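Open the model in your viewer and keep the sequence panel beside it. This tour tells you what to select next and what is there.

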Amino acid sequence: MAATASSLLAAASVSTSRAAISPRRPRAAASVPSSSRSSCPPLRASPARALRSRVVASAAPAMQPPAVSRVSTVVDVDLGDRSYPIYIGPGLLDEPELLQRHVIGKRVLVVTNTTVAPLYLDKVTWALTYQNPNVSVESVVLPDGEKYKDMDTLMKVFDKAIESRLDRRCTFVALGGGVIGDMCGYAAASFLRGVNFIQIPTTMMAQVDSSVGGKTGINHPLGKNLIGAFYQPQCVLIDTETLNTLPDRELASGVAEVVKYGLIRDAPFFEWQEKNMAAILAREPSALTYAIKRSCENKAEVVAQDEREGGLRATLNLGHTFGHAIETGLGYGEWLHGEAVAAGTVMAADMSYRLGWIDESIQKRTFDILEQAKLPVAPPKGMTVEKFRNIMAVDKKVADGLLRLILLKGPLGGCVFTGEYDRKALDETLHAFCDN
C-alpha cells in the first residue's frame with residue numbers, strides 16, 4: 001500500500017547531498033553558527049531509587065499563571081467524539097487552565113520517572129491544583145529507562161492507583177518521555193477497564209511522535225512494544241521549554257522521527273530540515289517549535305485517517321522494523337529509540353535503492369541528514385544477519401508469516417507498506433550492514 005502526501009507548508013529549496021553510504025565511518029559533529037548557539041543546563045537526575053511515590057500537592061511552589069496564554073499552536077487530532085487538541089508553546093506548564101480543563105473527576109495520578117520528577121513534578125502538581133482545591137494529586141515515580149518498560153514496572157502504577165482507591169473518574173497524567181507516555185497510557189487503558197489520561201511529553205521523541213496517536217504499551221523480552229493497546233489521551237500538552245533540560249543525545253534521538261515525516265510524506269518539510277538542522281540542534285526556539293508543530297500535523301493527519309494502523313499509519317514506522325531489531329538485539333536501553341530508528345532508516349533507504357524504487361540522491365540525502373543530526377547511520381557491531389532475521393520474524397507488521405516493510409518509493413516524500421519485494425534485496429542490505 002503506497003503512502004504519499006503533498007505537504008501543507010511552503011519550504012526552502014533542496015540542499016545538495018554529498019556523502020556516500022559508508023556504514024561505520026566516523027562522523028564529525030555538526031557545526032553551529034555562534035550566533036545561533038544556545039546554552040542549555042545539563043539534566044540533573046535525582047539519586048538512584050527503584051521507585052518512589054508520594055502525595056505532592058502541598059509541595060507545589062508558589063506561582064502565578066501568565067496574564068496571556070503562550071500557546072503558539074493547537075493541532076487537532078480529528079477522531080470524531082474522541083478528538084483532542086495538541087497544545088504547543090513555551091511555558092505551558094505555567095498555565096493551569098490548559099491542564100484543568102481536561103481533568104475528569106477530583107483525583108489525579110501523575111506518572112513520571114526519577115529524572116523528570118525533580119524538574120517538573122511540583123510544577124505540574126501546582127498547575128493541577130491552582131485555585132482548584134477539590135482536586136487531589138498522587139504521584140508514582142518510576143525508574144528511568146527503556147529497560148524498565150516492562151510488566152513489573154507497570155504494576156507499580158496499578159499498585160499506586162489501587163492503594164489510593166482511585167475510581168473511574170480519575171485522571172492519569174503522563175509526565176516524561178516516550179517510555180512514561182506509553183506505560184501511563186497502557187495503565188490508563190487497563191485500570192478499571194479505562195480511565196481518562198493526559199500526555200505531557202518532555203522529550204523531543206515524545207513531543208514529535210509517541211505522545212500523539214494513542215499507541216500505548218510495554219516491551220516483551222522477545223520484542224519491542226508487543227503488549228499494548230490503542231488508547232487516546234484527552235489532550236497533549238507540549239511545553240517546548242522542557243527541552244532546555246534535555247541532553248543533546250536525547251534531542252538528536254527525537255530528530256530521527258522528525259526526519260521520518262519528511263521522507264515518507266512531506267518533501268518540503270524534509271527540505272526545510274536540510275537547511276535548518278543546525279538550528280534545531282542548537283535549540284533555537286523558532287526552529288524547534290516549527291519542527292514539533294509540523295511533525296504533529298503530519299502525525300495527526302495520518303492518525304485521523306488510520307487510527308489503528310490498518311495500512312497508512314504503518315508508514316510512520318519507516319526504519320522501525322530494523323530499528324526495533326537493534327533495540328531488542330542489543331538489550332533495551334543500550335541505544336535510544338531514535339538512534340536505532342536512524343540506523344534502520346538508512347538500511348531501509350539502502351534496500352529501497354537496491355530494489356530500484358528510489359534514485360541514489362534520495363539514498364544519499366537520507367544518510368546525510370541523519371549524519372548531520374549526529375545519529376548512527378549503521379547498526380552496532382554484534383548485530384548479525386541471523387539476529388536481525390530472528391527478531392524481525394516476530395515484528396508486529398508480520399502478517400500470515402510475511403514480513404511487511406515500510407520502504408521509500410518514487411520521488412522524495414513517497415513510500416510503500418508492503419510484503420511484496422524481492423527478498424534478495426533484503427538479504428543484500430543485511431549483509432552490507434552486518435558483521436557477517
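Start with Cys296. With 0% relative accessibility, Cys296 counts as buried; buried means under 20% relative accessible area, exposed over 50%, and partly exposed in between, using a 1.4 Å probe and protein chains only. Select Cys415 next. Cys415 is buried too, at 2% relative accessible area. The structure holds zero disulfides, a disulfide being a pair of cysteine sulfur atoms within 2.5 Å.

**Before going further**

This is a predicted model, in which local features need pLDDT of at least 70 and side-chain atom pairs count only at pLDDT 80 or more, while totals for chains, interfaces and linings use all residues. Residues are numbered from 1 along each chain as its sequence is written, and side-chain values use heavy atoms, leaving out hydrogens and water.

**The whole chain**

Show the cartoon. The protein chain has 13 helices and 14 strands. These are DSSP runs numbered from the N terminus: helices are H or I with at least four residues, strands are E with at least two. Of the 436 residues in the protein chain, 59% are buried. Switch to a surface: the protein chain exposes about 17400 Å², with 50% of it supplied by carbon and sulfur atoms. The areas come from the Shrake-Rupley method with a 1.4 Å probe, and for residues only the protein chains shown count as cover. Contact means heavy atoms within 4.5 Å. Among contacts in the protein chain with a separation of 6 or more, 79% join residues 24 or more positions apart.

**The nonpolar cores**

Select Ile86, Met204, Phe322, Met351, Phe388 and Leu426. In the largest nonpolar core, which has 87 residues, these touch the most other members. A nonpolar core is a set of buried Ala, Val, Leu, Ile, Met, Phe, Trp, Tyr and Cys residues joined through side-chain atoms within 4.5 Å. Now focus on Ile86. Leaving aside neighbours within four places in sequence, its contacts include Val74, Val212, Ile238 and Cys296, the cysteine you began with. Another core lies apart from the largest one; it has 26 residues, including Leu99, Val110, Leu121 and Ile200.

**Leu109**

Select Leu109, found in strand E4 (residues 107–113). Leu109 is buried, at 0% relative accessibility.

**Strands E3 and E10**

Move to strand E10 (residues 236–239). Which residues lie on each side of E10? Val236 and Ile238 are on one side, Leu237 and Asp239 on the other, and all are buried. Show strand E3 (residues 84–89) as well. E3 and E10 pair in the parallel sense over four bridges; two strands pair if DSSP finds at least two bridges between them. Gly89 has Asp239 in E10 as its bridge partner.

Step back to Ser83, in the loop between strand E2 (73–77) and E3. Ser83 is partly exposed, at 35% relative accessibility. Not counting residues up to four places away, Ser83 touches Val77 and Asp78.

**Two loops with positive phi**

Most residues other than glycine have a negative phi. Select Arg283, in the loop between helix H7 (267–281) and helix H8 (285–305). Its phi is near 65 degrees. Arg283 counts as buried, at 6% relative accessibility. Then pick Glu309, in the loop between H8 and H9. Phi of Glu309 is near 60 degrees.

**Helix H12 and its cover**

Select helix H12 (residues 385–392). Its buried residues are Val385, Phe388, Ile391 and Met392. Look down the axis of H12: these residues fall within an arc of 140 degrees, so they line one face of the helix. The arc is that of the directions from the helix axis to the C-beta atoms. The cover over them includes helix H10 (337–354), helix H13 (423–433) and strand E13.

Finish on E13 (residues 405–408). Leu405 and Leu407 point one way, Ile406 and Leu408 the other, and all are buried. Strand E14 (residues 415–418) runs antiparallel to E13, joined by four bridges. Leu407 stands opposite Val416 in E14. The two strands form a hairpin with six residues between them, and in the turn Gly410 has a positive phi of about 85 degrees.
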